[in-house]
Amino acid sequence: MADTQQVDARAERKAARLAREIGAFAKAHGGAEGQVAHIGERGARVVLVGGDGGWGDLVAESTEIAERAVAKVGITVHESFDGEFAAKMTTGPYEWKRMAGIQLGG
């Protein structure tokens, strides 16, 4: 039983740390919306899109930790990364160059 409590406490600390990072992003970008996606053994990816169109992502050890973190912050969480959500992102010259480089083999 002590092992379970220790694991839960560890997961809670990780969720709290992730929530602080999400909260800092939201504060810097005029709010935020997100989407949690399972990425296999690596855990879960939290994609964030700010109110100003800025975006970023964070990786959590598990989907449970990621979901706890976004719940703590209270941001809107989308079920999928659909076109409406993606349209809120602002891409700049860096992203366009990267996308072109990938297409051209660079």
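Buried residues make up 30% of the 106 residues in the protein chain. Here buried means under 20% relative accessible area, exposed over 50%, and partly exposed in between, with a 1.4 Å probe and protein chains only. The model is predicted: local features need pLDDT of at least 70, side-chain atom pairs count only at pLDDT 80 or more, and totals for chains, interfaces and linings use all residues. Residues are numbered from 1 along each chain as its sequence is written, and side-chain values use heavy atoms, with hydrogens and water left out.

The secondary structure comes to 4 helices and 4 strands. Helices (H or I, at least four residues) and strands (E, at least two) are DSSP runs, numbered from the N terminus. Along the sequence the pattern is α-β-β-β-α-β-α-α. The accessible surface of the chain is about 7,000 Å², and 53% of that belongs to carbon and sulfur atoms. Accessible areas come from the Shrake-Rupley method with a 1.4 Å probe; for residues, only the protein chains shown count as cover. A contact is defined by heavy atoms within 4.5 Å. Among contacts between residues at least 6 apart in sequence, 57% join residues at least 24 apart.

Strand pairing was examined next. Two strands pair if DSSP finds at least two bridges between them. Strand 1 and strand 2 are antiparallel, with 7 bridges. Glutamate 33 stands opposite valine 49 of strand 2. The hairpin of strand 1 and strand 2 has 5 residues between the strands, and glycine 40 in the turn has a positive phi of about 85 degrees. Strand 2 also pairs with strand 3, again in the antiparallel sense, over 6 bridges. Leucine 48 has glycine 56 in strand 3 as its bridge partner. In this second hairpin 4 residues lie between the strands, and glycine 53 takes a positive phi near 95 degrees. Strand 2 is largely enclosed by the rest of the structure, because 6 of its 7 residues are buried.

The largest nonpolar core has 19 residues. Such a core is a set of buried Ala, Val, Leu, Ile, Met, Phe, Trp, Tyr and Cys residues joined through side-chain atoms within 4.5 Å. Leu18, Ile22, Val46 and Leu48 have the most contacts inside the core. Two or more residues each come from helix 1 (2-28), strand 1 (32-38), strand 2 (44-50), strand 3 (55-60) and helix 2 (63-73). Helix 1 gives the most, with 7 residues. Leaving aside neighbours within four places in sequence, valine 46 contacts Leu18, Ile22, Gln35, Val36, Gly56, Asp57, Leu58, Ala66 and Val70.

Glutamine 35 lies in strand 1. Its relative accessible area is 9%, so glutamine 35 is buried. Beyond residues up to four places away in sequence, glutamine 35 touches partners including Arg45, Val46, Val77, His78, Phe81 and Phe85.

A search of the whole structure finds 1 aromatic pair. Rings of Phe, Tyr and Trp (its six-membered ring) pair if their centres lie within 6.5 Å; planes under 30 degrees apart count as stacked, over 60 as edge-to-face and the rest as tilted. Phenylalanine 81 and phenylalanine 85 have ring centres 5.0 Å apart and planes at 70 degrees, so the pair is edge-to-face. Phenylalanine 81 is partly exposed, at 35% relative accessible area. Phenylalanine 85 is buried, at 1%.

Arginine 20 belongs to helix 1. Arginine 20 counts as exposed, with 56% relative accessibility. Arginine 20 and alanine 69 are 49 residues apart in sequence, yet their C-alpha atoms are 8.3 Å apart in space.
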